[in-house]
Amino acid sequence: MRQIIKQIAIFPILVYQYAISPLFPRSCRYHPTCSQYMKEAIIKHGIFKGGWMGIKRIARCHPWGGHGHDPVP
């Protein structure tokens, strides 16, 4: 049951990665990208903790934020 819920939570991220993101130029400051980070965090830590980690990562993604390699802990 938990896997199904994780897959449901990951589905919008996959839609973004394959349908929306290719329409825009690459501009991510981090590696892995924020969408990939959130997907990995949800798989590894669950929907609530992984989702919160992804939201915090997206909030850091601005011109005065960090950059570089930032893997999911």
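**Helix packing, cysteines and prolines in a predicted model**

Guide: Helix α1 (residues 2–20) packs against helix α2 (residues 34–45) at an angle of about 170°, their axes being 10 Å apart. Axes here are lines fitted to C-alpha atoms, for helices over the stretch in contact, and angles run from 0 to 180 degrees between N-to-C directions. Helices (H or I, at least four residues) and strands (E, at least two) are DSSP runs, numbered from the N terminus. This is a predicted model, in which local features need pLDDT of at least 70 and side-chain atom pairs count only at pLDDT 80 or more, while totals for chains, interfaces and linings use all residues. Residues are numbered from 1 along each chain as its sequence is written, and side-chain values use heavy atoms, with hydrogens and water left out.

Visitor: Why are α1 and α2 called roughly antiparallel?

Guide: Angles under 35 degrees count as roughly parallel, over 145 as roughly antiparallel, 65 to 115 as roughly perpendicular and the rest as oblique. The angle of α1 with α2 is about 170°, so the pair is roughly antiparallel. Their crossing is left-handed, a term for a near helix turned anticlockwise from the far one by less than a right angle, with right-handed used if clockwise.

Visitor: Which residues make the contact between α1 and α2?

Guide: From α1 come Lys 6, Ile 10, Ile 13, Leu 14, Tyr 16 and Gln 17, and from α2 Ser 35, Gln 36, Met 38, Lys 39, Ile 42 and Ile 43. Contact means heavy atoms within 4.5 Å. By class, the residues of this contact are seven nonpolar, three polar and two charged. Ala, Val, Leu, Ile, Met, Phe, Trp, Tyr, Cys and Pro count as nonpolar, Asp, Glu, Lys and Arg as charged, and the others, Gly among them, as polar.

Visitor: What makes Gln 17 count as buried or exposed?

Guide: Buried means under 20% relative accessible area, exposed over 50%, and partly exposed in between (1.4 Å probe, protein chains only). Gln 17, in helix α1, has 15% relative accessibility and therefore counts as buried. Leaving aside neighbours within four places in sequence, Gln 17 is in contact with Pro 22, Ser 35, Gln 36 and Lys 39.

Visitor: What makes α2 and α3 roughly parallel or roughly antiparallel?

Guide: The axes of α2 and helix α3 (residues 47–60) come within 7 Å and cross at roughly 160°. That angle makes α2 roughly antiparallel to α3. The crossing of α2 with α3 is right-handed. Cys 34, Tyr 37, Met 38, Ala 41, Ile 42 and His 45 of α2 meet α3 residues including Ile 47, Met 53, Ile 55 and Ile 58. The contact of α2 with α3 divides into nine nonpolar, four polar and two charged residues.

Visitor: What makes Pro 73 count as buried or exposed?

Guide: Pro 73 has 60% relative accessibility and so counts as exposed. Pro 73 is found in the segment after β2 (68–69). Not counting residues up to four places away in sequence, Pro 73 touches Tyr 37, Lys 44, His 45 and Met 53.

Visitor: Where is the peptide bond from His 31 to Pro 32 placed, cis or trans?

Guide: That bond is cis, with omega near 0°. Most peptide bonds are trans. Pro 32 is found in the loop between β1 (30–31) and α2.
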